[in-house]
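Me: I'm new to this one. Could you show it to me and then let me ask how you know what you say about it?

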Amino acid sequence: MVDHQRHMQPRKGVKEMLMHVDEEHGCVNIKRSRPKLLFFLTFCSLLSCFLLLLPPLLSYPSPSFSLLYSYEGEDEALLEIKAPLCSSVSNGTICCDRSSIRSDICIMKGDIRTNSSSFSVVLYTSDDLLTGEEELRHEKIKPYTRKWEPSTMATIDELTLTSKKSNTSTTHKCDVYHDVPAVFFSTGGFTGNVYHEFNDGLIPLYITSQQFNKKVVLVILEYHDWWIMKYADVLSQISDYEPIDFNGDNRTHCFSEAIVGLKIHDELAINSSLTTTNKTIQDFHDMLDKSYQPRIHDLVQEEPEKTRENPDNNPKLVIISRNGSRAIMNQDLLVKMAEKIGFDVEVLRPDKTTELAKIYRALNSSDVMIGVHGAAMTHFLFMKPGSVFIQVVPLGTTWAAETYYGGPAKKLGLRYIGYEIGARESSLYDEYDRNDVVLTDPDSVNDRGWEFTKKIYLDRQKVRLNLMRFRKHLVRSHFFIMAKRNHAQV
C-alpha cells in the first residue's frame, strides 16, 4: 500500500487555498457586515494582497498544494529553468541544487574522498602555499527523495560535504580508487514498500545514473542486504560495479566525480525533457526487460511444458489478489466470469518472499491486469505498453488511485480503466448507516486526517464487485486485445 499520509486529502478549492495564504501573510478575510464603501475598500485591499502573493504562490508552491494536488509535476517551464543550475560544475568545486521540493542534489568534481566514520565526503584542492588545511565550503544533505516530508527525512542519515584546500605535502590516504563517478543515495525511509522502492528509489536512481551508461559506482547509505538481493538484476543494468555500503565500509574510497542525492520527476514517471539522454518511462521498462529476461528464461526451462500451454491462445488476464483489507470477496466468481468471456486467468498472490522475476514474468506476458488499489499496483510497470490495467478503486481512494497509478500507467502507454466501486460494493455498507458520510461523502472523511483515511478506507474495507457492472469492462478489454492482435496480423 502506498504511504498515503499527506496524500489523501481532496483537492482544496481556490477559495480555501487563498484563505490559507491570506492568513499566513496577514491578509485576513473578515466576514462581519460593513458599509458598502468599506466593503469595496476591503475587497480592493484583499485583491491587492492576492495579486502580491500570486507570484510567490506560483513560483514556490507549498508541499500541501503543488506537490500533492497538482504534481503533474511542478510547472514544466519552471523545471526547465531549474535543471541547468548544476549542469556545469568546474573541477575542484561543489554545486548543490536545492530548488526542488522533492530532493536535494549536490555534484562534486575533483579529488573526492569518503570518510564513513564521520559521515562525510571531502573534496581536496591543492595549494602549495598552505601549511595546513583550509575549509572552503560546507554542505549538508540527506540523499533521499522525500524532502518535503520532515518526519520521514528525520530518519535519513545526513552526509557532510566539504571542500578543502591543502598543500601537496599533506597526505590523504586512499584505500580504493575508482576511475568512474559515484552516485550516493539512501535506501532508508519507506524502503520495504514496493511503491516507495520504485518511486523513491529505483526510478530516481535510473534517472540520475542513466547518463553514465553503467560506468558508475553506487554508494548506499542505510544499506540493506535484502534490498541488494531483491533488486540485484535491476542494479546490474544500472551499474557494472558492486555497490558500496557507505555505513559499513570504513575504507576511504576516492572518486573524481560524485552525485549526492537522486533526481525525481513525478509519481512512477520520467520527464524525458529533464534527462540528459531523453529517457522515458518506457526506457525504464525496457531496462527492466533486460534485467529479468535471463532469469525468466531459466524459470521457463525449469517448468513442465504442460504448465506453459495455452492451446487456444486466449488473452491472458492476471488478477493480483489481496488478503485482508481491500480483498475482492467474490474473486472466485470474477475468475469464472473472465474465463467465460474468453480469458486465460492467472491469480497472482505476491508476498515479500516472492521473487520479482516471477511477478515480472506473469505480468509481462499478460494482456490485462486487475487489482485493488494498493502498493502492489506498482507492478503495472512490468506490463508491456498497450496492455490493459484495470484498477479497482475502493471508497475514499479515488484521488490516490488516479495520482499514483492511473496517471502513471497511461504515461507508460497502458490502456487504463479505473473502476470506482459504489457504496453497495464496499464492505463498509454493512457497517454504516446508508446516509453516513463514510458512504456518501468520503472526501469529507479524508479531510479529517490521515488516521481516519487509514482506519476506515484502507484497513477495514473489502470489495464485493458488482459483476454485471464490472463485466462490461472485461468484455471491452477482451475486444480491445483481440482487435489489436488482428490488426498486428494484417
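Me: Let's start with Cys 174: why is Cys 174 called partly exposed?
Reply: Cys 174 has a relative accessible area of 32%. Buried means under 20%, exposed over 50% and partly exposed in between, with a 1.4 Å probe and protein chains only, so Cys 174 counts as partly exposed. Keep in mind that this is a predicted model, where local features need pLDDT of at least 70, side-chain atom pairs count only at pLDDT 80 or more, and totals for chains, interfaces and linings use all residues. Residues are numbered from 1 along each chain as its sequence is written, and side-chain values use heavy atoms, with hydrogens and water left out.

Me: How do you know that a disulfide joins Cys 174 to Cys 254?
Reply: Their S to S distance is 2.1 Å, and a disulfide is a pair of cysteine sulfur atoms within 2.5 Å. Cys 174 lies in the loop between strand E5 (159–166) and strand E6 (176–177), while Cys 254 is in strand E10 (residues 253–260), so the bond ties together parts that are 80 residues apart in sequence. Helices (H or I, at least four residues) and strands (E, at least two) are DSSP runs, numbered from the N terminus. Cys 254 is buried, at a relative accessible area of 2%.

Me: How many disulfides does that rule give?
Reply: The count comes to 3 disulfides. One of them is formed by Cys 86 and Cys 95, with sulfur atoms 2.0 Å apart. Another joins Cys 96 to Cys 106, again with S to S 2.0 Å.

Me: What makes the disulfide of Cys 86 and Cys 95 left-handed or right-handed?
Reply: The torsion about its S-S bond is about -80°, so this disulfide is left-handed. For Cys 96 and Cys 106 the torsion is about 110°, so that disulfide is right-handed. Cys 96 lies in strand E1 (residues 93–97) and Cys 106 in strand E2 (residues 105–115), so the pair ties together parts that are 10 residues apart in sequence.

Me: On to the helices: why is H6 called roughly perpendicular to H9?
Reply: Helix H6 (residues 194–209) and helix H9 (residues 281–302) pack at an angle of about 90°, with their axes 11 Å apart. Axes are lines fitted to C-alpha atoms, for helices over the stretch in contact, and angles run from 0 to 180 degrees between N-to-C directions. Under 35 degrees counts as roughly parallel, over 145 as roughly antiparallel, 65 to 115 as roughly perpendicular and the rest as oblique. That's why H6 is roughly perpendicular to H9.

Me: What makes Tyr 206 and Phe 284 an aromatic pair?
Reply: They are 5.5 Å centre to centre, with 75° between the planes. Rings of Phe, Tyr and Trp (its six-membered ring) pair if their centres lie within 6.5 Å; planes under 30 degrees apart count as stacked, over 60 as edge-to-face and the rest as tilted. So this pair is edge-to-face. Tyr 206 sits in helix H6 and Phe 284 in helix H9, 78 residues apart. Tyr 206 is buried at 9% relative accessible area, and Phe 284 is buried at 0%.
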